[in-house]
Amino acid sequence: MAIYDNIKALRASLPDGVKLVAVSKYHPFERIVEAYEAGQRDFGENRPQELQKKVIAMREWLGSRGLEDDVRWHFLGHLQTNKLKMVLPYASLVQSVDSLHLLQEINAWSLKNNIVTDVLLEMHIAAEESKQGFVEEEVLEIMFANTSYRGVRICGLMGMASHVDDEAAIDADFSRIEDFFHYLKDLFPELECFRELSIGMSSDWEIAVSHSASIVRIGTAIFGDKE
């Protein structure tokens, strides 16, 4: 009952219009089923092989019960270009496009396979040097060249705050990406699909929703600690 109760509590607390992505990485399939039965439909995975395995398992589980496959899978981790075939056929949204090379490869793979892949551009807004992603100038260059990417649809931005306990620092990180997100929306009003801001995790989602988050990615607060 814990997963059910956690999801219900989160949904009651989240503002209307904010999508809850249950980060199911490293958790067994049985816990995803529990979340599904609690009404959860958006799930996030970080590893290509694990995403592919769980998508297939969920389709089999739903099919065995005569249920429609209404699950939306979000890819959240660093994606190597040699693993695209494990992710792009299954992901509703690739949230972690963190380099121009990856964006170009996703675009090429999608065109070759006659699909359009929805993506978010991952921004480097945290203090840690290890964090991947774009800075503002790089995002602007991509956005001005957006019409050349016919195999992808750039739907917004994703970012992670600094891994600190200082709420003021987290607030500043989210404020920075929020301001840039709205700047881009004003600069490119013709891009109606550019409307997603994915920020906020189990420890900081409440701060994130105060900064225009449209997607929050929550794992521990739903599933508990990783096994």
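Biologist: What should I know about the model and its numbering before we start?
Modeller: This is a predicted model, in which local features need pLDDT of at least 70, side-chain atom pairs count only at pLDDT 80 or more, and totals for chains, interfaces and linings use all residues. Residues are numbered from 1 along each chain as its sequence is written, and side-chain values use heavy atoms, with hydrogens and water left out.

Biologist: At what angle do α2 and α3 cross?
Modeller: The axes of helix α2 (residues 29-37) and helix α3 (residues 48-64) cross at roughly 55 degrees and come within 11 Å. That makes α2 oblique to α3 (angles under 35 degrees count as roughly parallel, over 145 as roughly antiparallel, 65 to 115 as roughly perpendicular and the rest as oblique).

Biologist: Which residues meet there?
Modeller: From α2, Phe29, Ile32, Val33, Tyr36 and Glu37 meet Lys54, Ala57, Met58, Trp61 and Leu62 of α3, where contact means heavy atoms within 4.5 Å. The residues of this contact divide into 8 nonpolar, no polar and 2 charged.

Biologist: And what comes just after α2?
Modeller: Gly39 does, with a positive phi of about 100 degrees.

Biologist: New topic: is Trp205 buried or exposed?
Modeller: Trp205 counts as buried, because its relative accessibility is 11% (buried means under 20% relative accessible area, exposed over 50%, partly exposed in between, with a 1.4 Å probe and protein chains only). Trp205 lies in helix α8 (residues 205-209).

Biologist: What does Trp205 touch?
Modeller: Not counting residues up to four places away in sequence, Trp205 touches Leu10, Ser13, Leu14, Gly200, Val216 and Ile218.

Key: Axes are lines fitted to C-alpha atoms, for helices over the stretch in contact, and angles run from 0 to 180 degrees between N-to-C directions. Helices (H or I, at least four residues) and strands (E, at least two) are DSSP runs, numbered from the N terminus. Ala, Val, Leu, Ile, Met, Phe, Trp, Tyr, Cys and Pro count as nonpolar, Asp, Glu, Lys and Arg as charged, and the others, Gly among them, as polar.
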